[in-house]
Structures are given as C-alpha cells and as structure tokens.
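Colleague: I'm new to this one and would like a close look at a single part of it. Could you walk me through one chain?

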Amino acid sequence: MKRQIPLALVILFGWLMLALYFIPLEGAQKINENLLDWTAIIGIFALALGIWSLISVNVDKIQYKKRDWPYSIVTLFGLFAMIVFGLKFGGADSMFQGQESYMFRHFFDDILIPIFSTMFSLLAFFIASAAYRAFRARSALATILLVGAIIVMIRFFPFIAEYTRPVADWIINVPNLAAKRAIWMGVGLGIVATGLKVILGIERSYLGRD
Amino acid sequence: MNRKVLIPIASIIVFIGFVLLKLDWDGADRTHELWEALEVTAGGFLTLMIFSFLYKDNAFYKFAEHLYVGISAAYWMCVGFWSNLAQQAIPHLSQSLSEALGQPFLGYIWHYWIPVALGLILLTRLLPESMKIGWISKWTLAFIVASTAGLFITANLQANFIAQIASTMSLPLLPDWTGFGDFLSNFDLSYEGQFVKMFSNWVIIIGVISGLVYFFFSKEHTGWFGRVSRLGIWVLMVTFGAAFGYTVMGRVSLLVGRLTFLFRDWAGVIG
Amino acid sequence: MNYYTEKITRALLPANATALLVALLLACATLNVSAQESVVEEDAVGSALVAPVGVSSVTASDAPNDAGRAVVVTFVPAPVPQSEDQALTLSYEIHRALSQDGPWKKVGAMPSDTTAIMTFKDAGGRDTTSSDYFPTETDLYYRVRSMTVDTALFAESEIAGPVQGIGQWWNSGRSPVFWFVLFFTILTLVFLNVARKRGDSLYIRPLAGIDAVDEAIGRATEMGKPILYVLGLGTASDIATIASFTILGRVSRKVAEYQTDVIVPCYDPIVFTIAQETVRSGYMDAGRPDAYRDEQVYFVTQAQFAYVAAVNGTILRERPATNIYLGKFFAESLILAETGAIAGSIQIAGTDEIAQLPFFVVACDYTLIGEELYAASAYLGREPLLLGALKAQDYAKAVIVVLAIIGVIMTSMGYEWFAEAFKVVG
Amino acid sequence: MLLAVTQGLGPVFSWFFWITFAAGLGWLLWMSITGREVERRIIFLFMGLTVSGAVLAGIILPVQETTVVRNVFDTIEGLSEGDRVLLSLDYDPSGAPELEPMAKAVSQHCFEKKLKICYMTLWGTGGAMITDVIALAKVDFPDLVYGDDYCNVGYRAGNEAVLRVIASDFRKTFPTDVSGTSLDSLSVMNGILNCADFKYIVAIGSGRPGIKEWVEYVVEPSGALMGSGAAAVSAPQLYPYYPQQMNGMMGGSKGASEYEKMLRRVYPKFKSSRAQATEIMGPQTVAHVFLMLLIVFANISYFLAKKRKGASA
C-alpha cells in the first residue's frame with residue numbers, strides 16, 4: 001500500500017497529462033486547466049509546512065540560544081508583523097485590509113524593495129571580482145571565454161563600437177544561436193528522459209523510501 | 001556596557017537622527033511627512049546595510065537579512081493565500097466562507113475539494129511520527145511531480161526541441177545561390193551579403209551538431225569524435241564569454257539605480 | 001464628394017486596393033458628417049449608387065484541431081465593379097445565425113480584398129454568458145455582407161450551412177511531438193532492457209563535475225565541515241529540480257555514509273517537502289536514519305533575494321567545505337557562487353538556465369552544462385536502469401544529428417517540405 | 001568621452017572624477033605590472049567609487065540605434081488609432097532600473113499614437129510595477145481615461161498556465177480587471193477574445209515566467225505578433241526567437257535608451273520627459289571601461305607572473 005498508491009498516482013497522472021496535450025476536446029482541456037489550478041492550491045498548503053519549518057528553526061535557535069539567536073527574533077518579528085498586517089477583517093473602514101492595507105503595502109515598498117534591489121545590485125560588484133579572477137588566458141578554453149567576453153564588451157564602447165559592433169552582433173546572433181540550440185536540444189532530451197523516467201515509475205527518489 | 005547592547009542602541013539613535021534631518025517641519029500634513037521621512041531613511045539605511053556585506057559579514061547585514069527573510073516569507077504567504085486559496089479554491093467550495101473572506105461566491109464545483117484534500121494530506125507531515133500517518137503525504141508529492149512531468153515533456157518537446165530542429169533544418173547551405181560567377185561578382189562582407197549569410201548558416205549547423213556531439217555520454221571522446229566534441233565545447237565557451245560580457249551592462253544598471261536612490265532621494269546631493 | 005473619391009479609388013484600385021481603402025475609410029470616418037449629408041443629397045437628386053455584387057462560393061466548415069468552438073468560413077470576393085454607379089465594397093462582415101432565417105449576429109469583419117479567396121475563423125468561448133459564446137455541436141449558418149461607405153447600401157451573399165463546430169479527439173498539428181514521444185519511449189524501454197541484461201558494464205565518459213562530488217564529500221569529512229546543497233529557485237514542476245532531487249538523494253546517502261552533514265535551504269515549499277523526504281530516505285539507505293535531523297532541510301522564504309541573502313549568510317557563517325548548486329538558477333547564480341568563492345568552498349554547479357551558465361562557469365570550480373545535469377543522477381547512482389536511459393538519450397541525439405544533416409541537405413536542394421514536416425502547429 | 005555632457009554636481013566635480021578615475025586605474029596597472037594580486041575588496045571599492053562618481057557627475061553619452069529595437073518602434077508607429085496593444089510587465093523592482101524605462105517609453109509612444117493599452121503581469125510583484133509605469137506615462141497624458149484608453153488586468157497566479165489559457169481565451173483567466181470590474185464593461189477590451197486579437201503584444205520581462213514563456217505558450221500556438229523588452233542578461237538567449245517568433249527586442253538599458261532616442265526624434269514633445277535609460281547609460285559605460293581594463297590588467301599580471309616563473313625555473 002505505502003508503495004503502490006503513490007506509484008499508481010504517478011503513472012495515472014503522468015500519462016494523463018501527457019495525453020491531454022494531444023486532445024483538443026473541450027473536456028480534455030478543462031481537465032488540463034483544472035489540474036494546473038490544483039497545483040497552485042496545493043502549493044498553499046505546502047507553504048504552510050514551509051512557514052512552520054521557518055518558525056520552528058528560529059524558535060529552536062532562540063530557545064537554545066544558538067549562535068546569532070537574537071537575529072531570529074528579528075525574523076519572527078518581521079514574519080508575524082507582516083502576517084498581522086496581511087489579515088483582512090472588519091469591513092471597509094477596518095485597519096485590516098489584507099494586501100490592500102496601508103502597513104502591508106508600506107512594509108513591502110519600504111523594507112522589501114530596498115533590500116531586494118540592493119541585493120540584486122551586489123551583482124555589479126561580483127561581476128567585477130569574478131571577471132578579474134576568471135578571465136585570464138590560463139588555458140585554451142579560458143582564452144576562448146575571455147575573447148568572447150572582450151569582443152562583446154567592446155560592443156558597448158562609444159567610438160570603437162562602430163568597428164567592433166558587427167563582429168559582436170555576429171557572435172551574439174550566430175555562434176551564440178548555435179550553442180543555445182545545442183544546449184536546448186540536449187536539455188529538451190534530458191527533460192523528456194527525466195520526465196519519462198518519472199512517469200514510468202523508474203525514478204522515484206523524490207518519493208523517499210518505504 | 002558591552003558592544004552587543006551599544007551597537008543596536010547607537011544605530012537606533014543615528015537612525016532617528018537621520019529621520020529628523022529628512023523631516024520637513026513646515027509641511028502641512030505632519031503625519032504624512034513623518035512617514036515619508038521614515039520610508040526614505042529606512043530605504044537608505046537598509047541599502048547601506050546590505051552593501052556592508054561586501055566588506056565582510058557583520059551585524060548590520062545580519063539584521064537586514066533576517067528582517068528580509070521574515071517579512072518576505074509572510075508577504076508571499078499572504079499573496080499566495082489570497083490569490084490561490086481565497087480567490088480560487090474557496091469561492092468554488094463554500095458560500096459562507098467566501099463571503100467571510102469578502103470574495104464573491106462563484107458557484108460550487110466539487111472537484112476543488114481534490115486539491116484541498118491533497119493539501120490537507122500534505123499537512124499530515126506535521127503530525128507526530130508516532131502516529132505513523134505522515135506517509136500518506138507522498139500521495140500529494142506523487143501527484144504534483146507526475147502531473148508536471150507529464151505536462152513538461154510535451155511543452156518542452158514542442159518549443160525547445162522539435163522547433164529548434166526544424167529551424168536548424170530550414171537553413172540552406174547555399175542561400176540565394178545563383179551560381180559561382182554571381183557569388184564572386186557580388187562578393188560582399190556586410191551582414192546582408194551572401195557570403196556572410198552562407199558562412200553564418202554553416203557556423204550554426206556545424207555549431208549545433210558539434211555541440212550535440214559534446215553532450216554524448218556513452219561514447220569515448222577520442223579521435224575524430226573527440227575533435228568534434230572539442231569544437232562543440234569551444235562554441236559553448238565563446239557563447240558563455242559573450243553572454244557574460246553582454247550581462248555586465250544590465251548588472252551595472254541596477255547598481256546605478258541603487259546609487260541614484262542613495263544620492264538623489266536619500267542624501268539629496270543631486271537633483 | 002463621395003462620388004468623386006470613389007472614382008479616384010476605382011482608377012487606382014489595382015495598385016493597392018486594401019491600403020487605399022483603409023485610408024479612404026479613415027478619411028470617411030473623419031469626414032463622416034459631410035459624407036452622410038452628401039448621401040442624402042444624392043438620394044434627393046436620384047443619382048444614388050446601386051448595391052455592389054455580393055461575394056460568392058461561401059463555405060463554412062468545422063475548424064480542425066480544436067475544442068469545437070470554431071468554424072472556418074471561406075468566400076470568393078466579387079470582382080471590381082464595372083459600372084460607375086455601383087458602390088464599392090469596403091469591407092466584409094461575417095454573420096452567423098442558428099437558423100437560415102436568422103436572427104443574424106455579426107461575428108467579425110475583414111477589410112476588402114479582391115485578389116484572393118478570403119478565410120475567416122469564427123472562434124469563441126464556452127461561457128454562455130459571455131458575448132463571445134460559441135455554441136458547439138449546433139447547426140450554424142453563415143453569410144457574408146459586403147459593406148460600402150453607405151451603411152444602408154450593402155450586398156448579402158448566399159447562406160452557407162448548416163455547419164457544426166465539433167471538438168476533435170486528436171490534434172494532428174501536434175503529431176510530430178507524438179511521434180517523437182513514441183520513438184523516445186520505445187528507445188528508452190529497449191535500452192532499459194539492454195541495461196538490465198548487461199548490468200553496469202555500459203560505458204559512460206567521465207564528467208569532471210560528477211567526479212568532484214565524491215571528492216567533495218570526502219573533503220568535507222576531513223575538514224569536519226558540512227556540505228551545502230542548493231536546489232535553486234525552481235518549483236517541483238521544473239524537471240531540472242526533479243533531476244536535482246535524484247542527485248540530492250544520492251549525495252545525502254554518501255554524506256550519511258561518511259558521517260558528515262548536508263544543509264539544504266529551500267526556496268519553494270513543495271520542493272522543501274520533497275527535499276526533506278529525499279534526504280531522510282538517503283540517510284535511511286545509508287543505514288543511519290537516526291543521524292537525520294529535520295533542521296538540515298529547512299524552508300527559508302519564497303522571495304528570490306531574501307533567499308539569496310540567507311544562503312549567503314549561511315555560506316559565510318557555516319563555511320561549508322563544498323557548495324553544490326544544482327537546479328534552476330536565475331540572477332542569484334553569481335551572488336551565490338562569488339560568496340562561495342570568498343568563503344573558500346569548492347563549488348559544483350549545474351543548471352539548464354542558459355543565461356546563468358556563464359556565471360557558474362566563471363565562478364565555480366565545476367559546472368554541469370545543461371543536459372549534463374540530467375545525466376548526473378545516472379552517473380552518481382550507476383544504476384543499470386538509469387544508465388540505460390542515458391544510452392537512449394545518446395541514440396536520440398544521434399538520430400537528431402543525422403536528421404539535421406539530411407534536413408539541411410534537403411532544404412538546400414529546395415525540398416522544404418522535409419523541414420516543414422517537423423514544424424508543430426497549434 | 002570627456003565631451004560627455006555633465007549635469008549632476010557640475011563640471012568641476014566631473015574633472016575631479018575623471019582625474020581620480022585615471023589615477024586609480026594607474027595604480028591598478030602598477031599593481032599588475034609588479035605582479036601583485038589586487039584583493040577582492042579593493043575591486044569592490046573601485047567599482048563602487050567608479051559608479052558613484054559617474055552618477056554624481058551625471059555623465060550622458062550618445063547612443064546608436066539598431067534594427068532590432070527599431071522594429072518594435074516601427075511596429076507601434078505603424079499601428080492606427082484605436083488599435084489595442086497588450087503590455088505585459090513581467091519584472092519586479094530589481095528589474096525596474098532596466099525595464100521600467102522601456103515600459104514607460106512604449107506606453108508614451110502608444111498613448112501618443114492613441115493606441116489602447118491593456119497592462120498585465122505574470123509576476124506577483126508586477127502589480128506595483130504597472131502602477132508605477134502608468135503613473136509615469138500619465139505625466140505627459142493627464143487626460144487618459146481608465147477603461148477607454150487603457151486598462152490594467154493585473155496579476156493572476158499560475159505562471160505558464162496563465163499564458164496557456166489566455167492564448168485561447170483571455171477572459172477565462174482575466175474575467176475582471178485588477179479592481180474587479182468586468183472586462184465586458186471596459187471599452188479597451190471590446191472584442192478581445194484572446195491574445196491574437198491584440199494588434200501587438202509587448203512583453204517586457206527579466207526572468208521566468210517572461211519572454212520565453214510568452215513565445216512558447218502564446219506566440220507559438222496563436223501566432224500573435226509580439227515584440228519584447230528583455231533584461232540585458234536574458235537578451236542574448238532570446239535572440240533565436242528573433243525575427244520569427246518576435247519581430248523586435250529591446251535589450252537592457254541600451255535597448256531602452258535607443259527607444260527613448262527614437263521616441264524623442266519622432267516626437268520632440270517628449271524631450272522634456274526624463275530619459276531614465278539614457279541617464280543610466282553614462283555610468284554604465286564608465287563601469288564598463290573599468291571592467292574591461294580590469295580584465296586587461298589581470299592578464300598582464302598573469303603573463304608577467306608566468307614569464308617570471310619561466311625565467312626563474
């Protein structure tokens with residue numbers, strides 16, 4: 001039982017979804033759309049598990065005074081504050097308007113967005129350090145990598161750009177296209193192979209043991 | 001007093017100081033002014049806290065990081081709850097519940113119970129292990145993985161695989177060919193020229209094939225096969241280099257955006 | 001003035017009828033007040049235009065490869081009017097009715113064109129309350145009305161029908177996909193059989209990234225430091241993530257055998273649930289179920305950069321011996337990989353996101369490129385079944401290479417139908 | 001490059017910036033010639049100072065137009081009054097510096113041409129982005145009427161699934177707009193049944209779901225006409241879709257600034273509007289120069305070190 005039921009579900013739904021792609025019938029497309037809705041709804045329950053994990057890890061840290069435990073208070077504070085602000089009850093004049101409520105939006109705009117954009121902008125620094133470290137003509141492959149990067153980077157230079165742009169454009173449009181196609185085809189095959197292994201029931205490490 | 005207490009207190013004082021500096025006392029709407037000052041100052045402080053990570057891991061970064069994790073987790077939970085459960089599932093299941101959530105009831109549809117049931121099954125993982133019921137949560141995992149695997153097989157084949165083969169196949173080896181004489185007399189190195197078109201097609205075809213050869217796993221890459229596979233990895237590497245170079249621009253724009261915020265909105269140095 | 005413009009139009013018609021007519025239509029629309037007045041005037045003096053000739057050969061047939069909520073209408077436009085008092089057709093309106101006697105409903109319009117057979121697809125939805133409701137499996141009738149500048153002056157075609165919109169059981173436009181799935185499934189099954197018989201003697205070329213995984217686990221054990229395994233930002237519906245689960249299963253088994261630790265921070269809640277299951281069973285397989293703790297696999301948050309901030313913190317505080325990034329990665333790839341480099345960890349990455357591969361290649365010690373990620377689970381487990389599937393993949397690739405060469409040659413010789421046969425429609 | 005127009009803190013600061021920048025580069029060159037590795041944090045510091053300096057100096061550089069961007073511009077230019085355009089903003093605040101200027105420029109262009117725009121997003125965080133873009137576009141067009149000139153259908157969860165459905169039935173996923181008004185009562189959406197009914201789709205995106213998904217799930221099955229605006233990072237990998245599946249693309253700030261330039265060339269009235277992408281281009285280019293020189297220096301020091309090793313061995 002413990003083994004058979006999940007396996008039966010895998011085979012049933014895997015092949016069903018595969019087959020639905022070929023059937024334009026309305027009933028078939030409805031099933032298809034509904035299955036996608038279902039996944040989103042299940043996701044919410046899984047998120048509850050996730051939030052539970054987040055809370056228990058942090059409570060654990062505080063309880064046993066593990067390293068950096070005071071910061072766990074910050075996490076829990078942020079979590080609960082935001083959950084409270086995200087509540088919705090009490091009609092139109094209540095403070096609690098769910099996603100529309102003042103505090104909820106402002107926590108998003110004033111705390112999430114600045115951190116978010118700054119984290120992202122760290123990339124500019126890391127790109128510099130990675131380039132400095134890695135773009136050295138150590139081997140044939142490294143040299144090719146370096147040449148590709150240099151040609152395309154010169155592309156953005158004013159003045160010199162006029163002469164190098166055709167070459168850079170060509171690299172981006174032609175060898176780039178070839179490489180992407182090769183990778184895409186390989187990935188496509190890998191996806192189909194992995195997908196088939198899943199729906200044939202060969203690959204089931206995601207189901208664990210028992 | 002030890003550092004662990006001093007630093008947070010000092011930071012709070014500095015923060016309040018900056019808020020006060022930013023505050024426009026003559027403004028008509030004081031509460032609004034205060035909020036604006038708080039917003040911009042918080043944005044500026046958090047930006048600097050994250051940047052401090054570049055020097056080394058430190059208390060300020062840790063603070064911003066932990067705050068960010070907590071708030072974002074709750075944010076996504078609320079968004080997910082409203083958009084998936086409250087607006088999609090519940091309006092098809094219960095009139096009273098959907099009205100309680102302020103959502104219009106969309107008519108009872110029985111099969112919306114299925115994902116709810118599968119979701120509840122998933123929650124059995126939270127029950128103590130001694131109850132030995134957690135294993136049924138695998139039904140849900142099986143459902144999700146299998147249905148998406150089935151879905152993605154075909155979607156991928158269509159767009160990433162067969163479409164790519166078809167477009168590679170439709171490249172003629174000799175585009176616009178009207179004979180050798182014409183080819184030589186109209187020889188042109190520009191992008192639209194026949195030579196470049198032809199050369200490009202050859203590069204794409206050879207590049208795709210050698211790239212695929214590189215991905216062969218069950219044949220030794222020696223001899224001519226090894227040479228073709230070597231060519232394949234070269235093509236990949238040129239591409240990677242080029243893509244890296246191409247990206248630099250976009251990444252720097254983010255930093256420019258951030259610094260513009262710091263200088264323009266927060267510090268007010270530039271207009 | 002109406003009359004005058006029409007005369008000019010008629011003289012210019014063969015040049016570019018459609019463009020001119022559209023322009024004319026616009027001109028009339030802007031001048032509609034005066035235009036209407038002039039119609040009245042002309043009526044008054046009795047020099048009114050007569051209706052144009054209607055379109056002919058109207059056919060209506062069920063649209064192929066759909067859910068039965070579309071019908072294709074074709075018709076042959078009337079030739080350019082010969083006499084001067086005949087009004088010019090500016091556009092066609094397509095009307096639909098449930099019976100020959102009406103009532104008729106306008107379902108679409110097309111600009112006039114006298115050069116070719118016109119095709120109109122009347123498609124709608126299944127929502128009966130919506131304005132675009134299309135009744136399926138119901139007798140429908142179609143007619144085409146040729147419209148002129150004067151809305152009262154038009155010509156009706158004969159009625160086509162009855163026709164029914166019928167749902168199909170098979171989308172023939174997608175047949176290439178079907179043939180490929182069939183071919184590949186058979187290939188996989190054949191090689192699974194071969195692999196079962198020949199065991200693990202199938203050759204696979206070495207992959208540096210995979211060999212490094214074993215070394216990395218050993219190194220972590222020596223250093224007494226954990227291994228960080230990041231499944232990426234994919235959801236459980238990304239096959240790259242599913243491929244990563246199988247690798248995680250094998251890594252956690254080895255980790256358990258070597259008695260070291262693996263940390264798995266998760267981004268997606270479903271992925272988190274599956275990852276817990278996977279790591280737990282890895283520990284069970286190694287015979288050390290008691291060594292597994294739930295805190296090893298934890299959920300962080302579903303926001304991209306909050307997740308990255310937290311993982312960065314973990315990298316700098318725990319200083320893992322090895323960081324493994326396998327799955328779907330986006331902009332965060334370089335942030336993670338560079339932070340890992342700062343912490344001095346050995347880094348193994350793999351993704352099928354082409355845009356991120358360059359960053360991993362530049363900043364990590366080993367990178368699994370695209371398909372190598374999908375092949376990795378077969379390498380690590382060396383289970384005959386998975387090796388068989390890998391062999392099937394290789395054969396499929398060989399077939400593609402051959403097909404591509406044939407296709408290019410066929411296209412070069414002018415036989416474009418060969419490449420066309422691989423195009424998926426709809 | 002010194003011809004660059006300066007705004008910011010004025011010409012004195014600008015000169016100061018260039019001199020310091022040159023001095024810093026000289027120091028880096030000296031470090032690499034003497035074969036010393038530069039520490040990561042110093043590179044971070046250089047990067048930070050370079051970009052900060054350029055932002056403060058307010059450097060603006062000339063841009064050149066390219067065909068791939070012009071195609072998007074020309075398509076919109078070729079549409080006629082009242083045509084409907086679908087604008088999907090699939091990015092979040094982090095993508096905004098690059099992508100918002102595109103969304104803004106395309107919106108301005110459409111409104112100038114009296115086209116009607118339907119805004120949507122596939123990203124949960126995209127709703128706020130749409131509001132921002134509409135607010136920016138409205139500066140030049142204060143008289144726009146919601147529902148008649150544009151509408152905002154907002155976000156629906158489901159990523160690719162949303163696209164799959166709207167490719168054939170727009171109202172199935174978006175029965176109402178963002179504030180719950182039925183689409184049937186918005187004149188913008190009159191007669192729009194699916195994505196192909198829009199005269200043009202412009203997908204502006206920075207990741208997944210984004211342009212690739214639009215191509216896969218909307219353009220491929222429905223044959224809709226699409227142009228796109230991509231973050232610089234994903235632009236090269238979207239090239240295979242050009243020009244078959246999408247007829248034009250704006251790549252990164254560069255693409256956005258080209259569009260801004262075209263818009264200002266054809267409609268001089270926009271010259272007074274802030275050209276955000278063009279503002280970003282200056283500091284970006286300076287950072288670029290720095291990065292290229294950094295790579296050159298890295299190789300100099302590598303070769304010199306190798307030579308020294310060879311000599312001593």
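Colleague: Let's take chain B: among its contacts between residues at least 6 apart in sequence, what percentage join residues at least 24 apart?

Modeller: Keep in mind that this is a predicted model. For chain B the figure is 25%, counted among contacts between residues at least 6 apart in sequence. As for what the chain is built from, its secondary structure comes to nine helices and zero strands. Read chain B from the N terminus and you simply get α-α-α-α-α-α-α-α-α.

Now for the overall dimensions. The C-alpha trace of chain B spans about 85 × 60 × 45 Å along its principal axes. Its radius of gyration is 31 Å, whereas a compact globule of 271 residues would come out near 18 Å. Even so, buried residues account for 46% of the 271 residues in chain B.

While you have the model open, take a look at two other chains, A and D, too. Their contact draws 29 residues from chain D and 26 residues from chain A. On the side of chain D that touches chain A, the elements giving two or more residues are α2 (40-57), α6 (160-168), α9 (235-238) and α11 (276-312) of chain D. The biggest giver there is α11(D), with 10 residues. Sort that side of chain D by class and you find 21 nonpolar residues, along with six polar and two charged ones.

Note on methods
Residues numbered from 1 in each chain as written. Chains lettered and ligands numbered in written order. Predicted model: local features only at pLDDT ≥ 70, side-chain atom pairs only at ≥ 80, totals over all residues. Helix = DSSP H or I, 4+ residues; strand = E, 2+ residues; numbered from the N terminus. Rg over C-alpha atoms; globule rule 2.2 N^0.38 Å. Buried ≥ 20, exposed ≤ 12 C-beta atoms within 10 Å, placed from the backbone. Contact = placed C-beta atoms within 7 Å. Nonpolar A, V, L, I, M, F, W, Y, C, P; charged D, E, K, R; others polar.
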